[in-house]
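Subject: Structure handover and findings

Dear colleague,

Please find below the structure that I am handing over to you.

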Amino acid sequence: MKRGKIFLGLVLCFMVFLLTGCGNKEAIATDDFKTIAENYNCTIFDVMNQYSSYGTVENALVAKHSDGWQVEFYVLDSENSAISMFNTNQTNFENSKTGTSTGSSSSMGNYSTYTLNSGGTYMHLCRVDNTFLYVKVDDAYKDTVEKLIKDLGY
């Protein structure tokens, strides 16, 4: 009986260890964001001047596609700042719901994601460590943008 409890305890510890390690994503650098977005024929704009007075944003890039959609990428001064930015934008998305909406969210390890489809708009947020990805596009571009998000690892 005692061996069984010890074995069970070891198995549980091992599972917690595995789940903790598997729950992390790797944050990308701004150069990686640029390279991957350019593979989708996006033009990259440094929009840091719009955020310089905030004090928490260290880097801000927008990848714009000629079809009119864009993806925003931010590097913040801390994980707490990224969490705050994520939470603020999630609340904004929730408040913008119209008609039938479907959404999902996940938070594990060093990242959080939130996705919402509402009123013909596809919205996606992802925070990894101190980085933040923001997407709000017409549903017509959802499939392409989801591929980009996957390639970014966000």
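In what follows, a residue is called buried under 20% relative accessible area, exposed over 50%, and partly exposed in between, with a 1.4 Å probe and protein chains only. The model is a predicted one, so local features need pLDDT of at least 70 and side-chain atom pairs count only at pLDDT 80 or more, while totals for chains, interfaces and linings use all residues. Residues are numbered from 1 along each chain as its sequence is written, and side-chain values use heavy atoms, with hydrogens and water left out. Helices (H or I, at least four residues) and strands (E, at least two) are DSSP runs, numbered from the N terminus.

Strands and hairpins

Two strands are said to pair if DSSP finds at least two bridges between them. Strand S7 (residues 131-138) is largely enclosed by the rest of the structure, because six of its eight residues are buried. Strand S7 pairs in the antiparallel sense with strand S3 (residues 70-76) over five bridges, and Val75 stands opposite Thr131 of S7 there. Strand S6 (residues 121-128) is also an antiparallel partner of S7, over eight bridges; Met123 has Lys136 in S7 as its bridge partner. Two residues lie between S6 and S7 in their hairpin, and Asp129 in the turn has a positive phi of about 50°.

A further antiparallel pair consists of strand S4 (residues 101-108) and strand S5 (residues 111-118), joined by eight bridges. The hairpin of S4 and S5 has two residues between the strands, and Gly109 takes a positive phi near 55°.

Helix packing

Two packed helices are described by the angle between their axes and the distance between the axes. The axes are lines fitted to C-alpha atoms, for helices over the stretch in contact, and angles run from 0 to 180 degrees between N-to-C directions. Helix H2 (residues 30-38) packs against helix H4 (residues 142-152) at an angle of about 145°, with the axes 10 Å apart. Phe33, Ile36 and Ala37 of H2 meet Leu148, Asp151 and Leu152 of H4 in this contact (heavy atoms within 4.5 Å). By class, the contact of H2 with H4 has five nonpolar, no polar and one charged residues; Ala, Val, Leu, Ile, Met, Phe, Trp, Tyr, Cys and Pro count as nonpolar, Asp, Glu, Lys and Arg as charged, and the others, Gly among them, as polar.

Salt bridges

Side chains of opposite charge can pair when their charged atoms come close. With a salt bridge taken as a side-chain nitrogen of Lys or Arg within 4 Å of a carboxyl oxygen of Asp or Glu, a search of the whole structure finds three.

Lys34 forms one with Asp31, with the closest N and O atoms 4.0 Å apart. Both residues lie in helix H2, three residues apart, about one turn of the helix. Lys34 is partly exposed at 31% relative accessible area, whereas Asp31 is exposed at 51%.

Glu79 forms a salt bridge with Arg127, the closest N and O atoms being 3.3 Å apart. This pair links distant parts of the chain, with Glu79 in helix H3 (residues 79-95) and Arg127 in strand S6, 48 residues apart. Glu79 is partly exposed at 36% relative accessibility, whereas Arg127 is buried, with a relative accessible area of 4%.

Lys97 and Glu94 meet through their side chains at 3.1 Å, N to O, in a salt bridge. Lys97 is partly exposed, at 40% relative accessible area, and Glu94 is partly exposed, at 32%.

Yours sincerely
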